[in-house]
Amino acid sequence: MTEALAIPTPAPLAYSEMSDEQRLMLKQVCAGTNLNDQQFALLCEVGKRTGLDPLRRQIYGLIFQGRFVVMTGIDGFRAVARRNGLAGIEAPRFDYVDEQKRIPSACEITVHRWGRGGKESYTARCLFREFARFGRDGKLMGPWQTSPHHMLAKCTEALAHRMAFTEWMGGVYERDEFPREHVVRQQQPATTVDELISEPADEPAEVIYDDDPTAKDAP
């Protein structure tokens with residue numbers, strides 16, 4: 001059996017080891033999330049477990065529906081997997097709602113890792129209607145309209161990584177698994193594909209998507 005080489009990476013500092021200046025910097029990085037000291041401490045400990053650095057914006061915390069959630073980008077999941085025995089990621093497999101294959105209805109992705117008994121495989125399946133974002137007019141929004149395959153594949157791969165590498169990534173989510181502020185997630189309306197992908201209503205507050213700040217320089 002050929003096992004993946006372990007790639008060393010500097011672990012982020014534990015919250016208790018940070019200076020006051022470093023803690024202030026971390027709070028500035030996560031500005032606007034309203035995390036308290038305990039939530040910041042937990043974020044740092046998760047960063048230490050995963051090897052992703054909150055100070056480099058590879059991992060961060062948000063309050064979502066009153067609950068503290070730790071997030072990273074898909075590159076963060078891949079970086080942790082590579083360091084901990086990743087044995088391969090299969091290409092996504094899609095089901096469709098239309099013959100033209102414009103909108104996927106579901107996606108499956110399998111992530112492989114090396115275990116004590118050899119290669120282990122973990123397959124995740126996600127439904128489009130459970131992750132896609134719709135405006136109040138019931139139409140797909142932002143990248144869920146322009147790149148539906150890419151968006152659903154990211155959410156599915158993140159779930160597969162959590163299944164395969166639970167020791168490191170349990171409780172960590174890809175940011176596109178959660179709706180943006182002011183965005184409505186709802187069950188996919190019973191309408192045609194042409195109506196789903198038509199131009200959304202003119203609601204600027206709902207169609208602005210900021211760049212993903214996480215894991216762009218993950219080791």
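Select β2 (67-72) together with β7 (172-174), and you will see two strands that pair in the parallel sense over three bridges; strands here are DSSP runs of type E with at least two residues, helices are runs of H or I with at least four residues, both numbered from the N terminus, and two strands pair if DSSP finds at least two bridges between them. Within this pairing, click on Val-70, whose bridge partner in β7 is Val-172. The model is a predicted one, in which local features need pLDDT of at least 70 and side-chain atom pairs count only at pLDDT 80 or more, while totals for chains, interfaces and linings use all residues. Residues are numbered from 1 along each chain as its sequence is written, and side-chain values use heavy atoms, with hydrogens and water left out.

Ile-59 has Thr-72 of β2 as its bridge partner, and in the hairpin of β1 and β2, where two residues lie between the strands, Gln-65 takes a positive phi near 50°. Strand β2 is mostly covered, since five of its six residues are buried, a term that stands for under 20% relative accessible area, with a 1.4 Å probe and protein chains only.

Stay with Val-70 and show what surrounds this residue: leaving aside neighbours within four places in sequence, Val-70 is in contact (heavy atoms within 4.5 Å) with Leu-43, Val-46, Ile-59, Tyr-60, Gly-171, Val-172 and Tyr-173. Val-70 and Phe-165 have the most contacts inside the largest nonpolar core, which has 24 residues; such a core is a set of buried Ala, Val, Leu, Ile, Met, Phe, Trp, Tyr and Cys residues joined through side-chain atoms within 4.5 Å. The elements giving two or more residues to this core are α2, β2, α3 and α5. For a second, separate core, of 14 residues, select Ile-103, Cys-126, Trp-144 and Ala-153, which are among its members.

Now turn to helix α3 (residues 74-83), which is largely enclosed by the rest of the structure because seven of its ten residues are buried. Colour Ile-74, Gly-76, Phe-77, Ala-79, Val-80, Ala-81 and Arg-83 to pick out these buried positions, and then show α2, β2, β3, α5, α6 and β7, the elements against which they pack. Just after α3, look for Gly-85, which takes a positive phi of about 95°.

Finally, show the whole protein, which has eight helices and seven strands, and in which 43% of the 219 residues count as buried.

How values were computed
Buried < 20%, exposed > 50% of the residue type's maximum accessible area, 1.4 Å probe, protein only.
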